[in-house]
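Let's walk through a protein model together, one piece at a time. Keep the picture open as you read, and look for each part as it comes up.

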Amino acid sequence: MQQDCIFCKIAAKEIPVQPIYEDEQLIAFPDINPAAPVHVLIIPKKHIASILEIEPEDQFVMGQMLSAIKRIAEQAGLADEGFRVVMNTKENGGQTVHHLHCHILGGRAMTWPPG
């Protein structure tokens, strides 16, 4: 756990959230500043700063994350119409919390290009 990382504090239950999904490896919860009608963040409980910090031993948790995204999208009613998954990396990629996380966005049509 990174002491100053808000997502590590959420994973450690030091900051309460309303989990949408949780298992031993991951926790998913609503974004506090939603950019779509459905905006869920999913994080690994292990601190990984960004996609650039993923190590070979993290392959399992990354696979779990993809499976959880599917489950969350289905539960949120996004599977039929579609949704977007975003993983920002570093400052130019829009990453503001330096703990790997995915945004699951849906409930409206997404535009392209995104930014």
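A residue is called buried when its relative accessible area is under 20%, exposed when that area is over 50%, and partly exposed in between (1.4 Å probe, protein chains only). Helices (H or I, at least four residues) and strands (E, at least two) are DSSP runs, numbered from the N terminus. This is a predicted model, where local features need pLDDT of at least 70 and side-chain atom pairs count only at pLDDT 80 or more, while totals for chains, interfaces and linings use all residues. Residues are numbered from 1 along each chain as its sequence is written, and side-chain values use heavy atoms, with hydrogens and water left out.

**The sheet**

Start with the strands. Five of them form an open sheet in the order E1-E2-E3-E5-E4, with antiparallel pairing. Strand E1 (21-22) and strand E4 stand at the edges with a single partner strand each, so one side of each has no neighbour in the sheet. Two strands count as paired if DSSP finds at least two bridges between them. In general, strands of a sheet pair through backbone hydrogen bonds, either parallel or antiparallel.

Now find E3, which spans 38-44. How many of the residues of E3 are buried? Seven of its seven residues are, so to speak, under cover. On one side lie Val 38, Val 40, Ile 42 and Pro 44, and on the other His 39, Leu 41 and Ile 43; both faces are covered. E3 pairs with E2 in the antiparallel sense over five bridges, and E3 also pairs with E5 in the antiparallel sense over five bridges.

**The nonpolar cores**

A nonpolar core is a set of buried Ala, Val, Leu, Ile, Met, Phe, Trp, Tyr and Cys residues joined through side-chain atoms within 4.5 Å. The largest one here has 18 residues, and Leu 26, Ile 42, Met 65, Ile 72 and Ile 104 touch the most other members. Strands E2 (26-30), E3 and E5 (102-106) and helix H2 (59-75) each supply at least two residues of this core. H2 gives the largest share, seven residues. A second, separate core has ten residues, including Phe 7, Phe 29, Leu 41 and Ile 43.

Contact means heavy atoms within 4.5 Å. Leaving out residues up to four places away in sequence, Leu 26 touches several residues, among them Tyr 21, Ile 42, Val 61, Met 65 and Ala 68.

Helix H2 also holds Ala 73, which counts as buried at 1% relative accessibility. Beyond its neighbours within four places in sequence, Ala 73 is in contact with Leu 78, Ala 79 and Phe 83. Ala 73 and Leu 105 are 32 residues apart in sequence, and their C-alpha atoms are 9.0 Å apart in space.

**His 101**

The UniProt annotation "active site", from an unreviewed entry, covers His 101. UniProt positions are given in the numbering used here, feature names are shortened, and annotations may be inferred rather than shown by experiment. Where is His 101 placed? His 101 sits in the loop between strand E4 (83-86) and E5. At 6% relative accessibility, His 101 is buried. Not counting residues up to four places away in sequence, His 101 touches Phe 7, Leu 41, Ile 42, Ile 43, Val 86, Met 87 and Gln 95.

The side chain of His 101 also reaches the backbone oxygen of His 99 at 2.6 Å, and makes a polar contact with the side chain of His 103 at 3.4 Å. A polar contact is a pair of N or O atoms within 3.5 Å; within protein, one must be able to donate a hydrogen and the other to accept it, and residues adjacent in sequence count only if both atoms are side-chain atoms.

**The cysteines**

A disulfide is a pair of cysteine sulfur atoms within 2.5 Å. A search of the whole structure finds zero disulfides. The table shows two cysteines.

| Cysteine | Relative accessible area | Closest cysteine sulfur |
|---|---|---|
| Cys 5 | 7%, buried | Cys 8, 3.7 Å |
| Cys 102 | 2%, buried | Cys 5, 15 Å |
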